[in-house]
Amino acid sequence: QGLFGYSKGTISNLNVTGKIETNSDYSGGIAGYSEGDILNCTFGMDGKSIVVGNDYVGGIAGYSSVSQIGTKDFSNSLKNNGKIKGKKNVGGIFGCSFGSNEIINMKLENIGDVEGTENAGGIVGYSVNEINFSDLSSVSNEGSISGISKIGGIGGNLEGINLKSARISNDGKVTAVKDAGGIAGYSSLFSINQDSEVINSGNIEIQECNAGGIIGYIWNPFTAGNSNIENKGNITANGSDAGGIIGSTTNDMFIKSKVKISNEGSIRALSNVGGILGYGNDANESMNIIGGEIVNSGSIYAENSNAGGIAGLASVITIGSDSKIYNEGTVTAAFNAGGVSGSLSESLIAENSAVVINEGNVNAEENNAGGIIGFVGRVIFRLGSRISNKGSVEATGDNAGGISGESYSINVVGTAEAKN
């Protein structure tokens with residue numbers, strides 16, 4: 001269902017207004033099912049336009065199988081202003097994108113509210129393959145996005161996302177039962193490079209687990225180099241695993257040189273709450289910060305356990321190669337509260353002239369409060385690293401320390417420095 005029910009050719013330079021309401025699959029403001037290019041088109045010029053369908057529902061196309069959108073030679077745009085409503089695979093631009101997804105020199109913009117049950121996003125509900133944004137592509141959402149699971153300001157369920165010289169932003173509120181993010185609710189991998197920028201300003205609210213300012217849940221590596229990543233929205237999870245950047249991951253994070261990652265929003269959940277990462281405690285997970293800068297200025301609160309200015313609960317954090325870590329926000333939990341991490345099951349390592357500074361107040365309403373870490377197996381500071389706590393540290397019960405609340409070992413080696 002759409003202005004074109006099925007399209008195999010090129011559709012360009014259309015402004016479409018109206019209501020499309022059906023109980024069928026494959027509904028779109030421009031095309032229900034598209035195997036051709038759609039360029040410079042807008043749906044919903046009057047503020048009253050709407051697309052309602054079952055599965056595969058989009059403001060521009062319900063389903064698109066095009067492998068490349070846009071060219072380097074001239075810019076193109078797709079915009080949706082209408083309300084989009086369906087069940088599975090619902091998006092402001094595309095309900096489902098099946099091609100190899102090369103987005104080149106494109107402006108994709110959604111203003112309308114999007115509602116679905118599973119896989120709902122401001123731009124795309126479900127991407128079967130990785131999406132590659134490049135060559136000054138600009139992607140933005142201002143609409144409210146809501147659903148049950150895998151709900152995101154830009155994408156609901158993404159096989160992966162790669163950015164090179166691109167900008168992505170979300171200003172819309174995202175609400176779900178679980179797996180919700182300002183950019184992606186659920187993603188296989190995330191890679192951002194070459195002067196790209198990712199910003200979320202929308203609030204994220206979920207009833208259960210996995211809420212992130214950028215990604216709710218990611219299960220392959222997160223990699224950032226030469227880029228800027230910001231969360232300004234407040235994150236609230238009635239369950240666990242909430243982070244300013246990532247709610248939960250089961251794989252590594254690699255933060256490389258010339259990267260700045262920051263969180264300004266307040267983050268709240270029952271357990272595992274961090275300014276950057278909520279939960280990352282699987283056996284194959286580690287946070288590797290190599291030459292980047294990470295700053296948290298938002299307040300972090302875990303009603304139960306594991307709250308940290310950078311990470312709530314993780315396995316290993318390695319900070320090296322002139323990296324800089326700053327926490328300025330207050331951190332509070334019943335158990336395991338730290339300026340950098342609430343709890344690490346294995347180790348915290350700072351080396352190669354890394355700088356780690358906590359200026360926020362840390363409070364454990366029960367046990368284990370640390371200026372740097374609440375609870376950790378092993379701490380190693382070496383090779384000119386400088387670690388400092390300037391905030392107040394309090395525990396109502398046991399174990400409060402300027403560096404660590406509770407740890408099995410702390411080793412300060414050579415020219416490294418740790419002070420409170």
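Tutor: First, the term: on a 1 Å grid over the protein atoms alone, a cavity is a set of points where a 1.4 Å probe fits but cannot get out, and lining residues have an atom within 4 Å of a point. Grid points are joined across faces, edges and corners, and a volume is the space filled by probe spheres set on the points. The model is predicted: local features need pLDDT of at least 70, side-chain atom pairs count only at pLDDT 80 or more, and totals for chains, interfaces and linings use all residues. Residues are numbered from 1 along each chain as its sequence is written, and side-chain values use heavy atoms, with hydrogens and water left out.

The structure has 1 cavity of 30 Å³ or more. The largest cavity holds about 70 Å³ of space. Its lining consists of I69, F94, S97, N101, I103, L108, I123, V124, I131 and F133. Strand 14 (94-97) and strand 20 (131-134) each give at least two of the lining residues; strands are DSSP runs of E, at least two residues, numbered from the N terminus. By class, 8 lining residues are nonpolar, 2 are polar and none is charged. Here Ala, Val, Leu, Ile, Met, Phe, Trp, Tyr, Cys and Pro count as nonpolar, Asp, Glu, Lys and Arg as charged, and the others, Gly among them, as polar.

Now S140, in strand 21 (residues 138-141). Leaving aside neighbours within four places in sequence, S140 is in contact (heavy atoms within 4.5 Å) with residues including L108 and I123. Both L108 and I123 are among the cavity's lining residues. S140 is buried, at 16% relative accessible area; buried means under 20% (1.4 Å probe, protein chains only).

Definitions and conventions: Helices (H or I, at least four residues) and strands (E, at least two) are DSSP runs, numbered from the N terminus. Buried means under 20% relative accessible area, exposed over 50%, partly exposed in between (1.4 Å probe, protein chains only). On a 1 Å grid over the protein atoms alone, a cavity is a set of points where a 1.4 Å probe fits but cannot get out, and a pocket is an open set with protein on both sides within 12 Å along at least five of seven lines; lining residues have an atom within 4 Å of a point.
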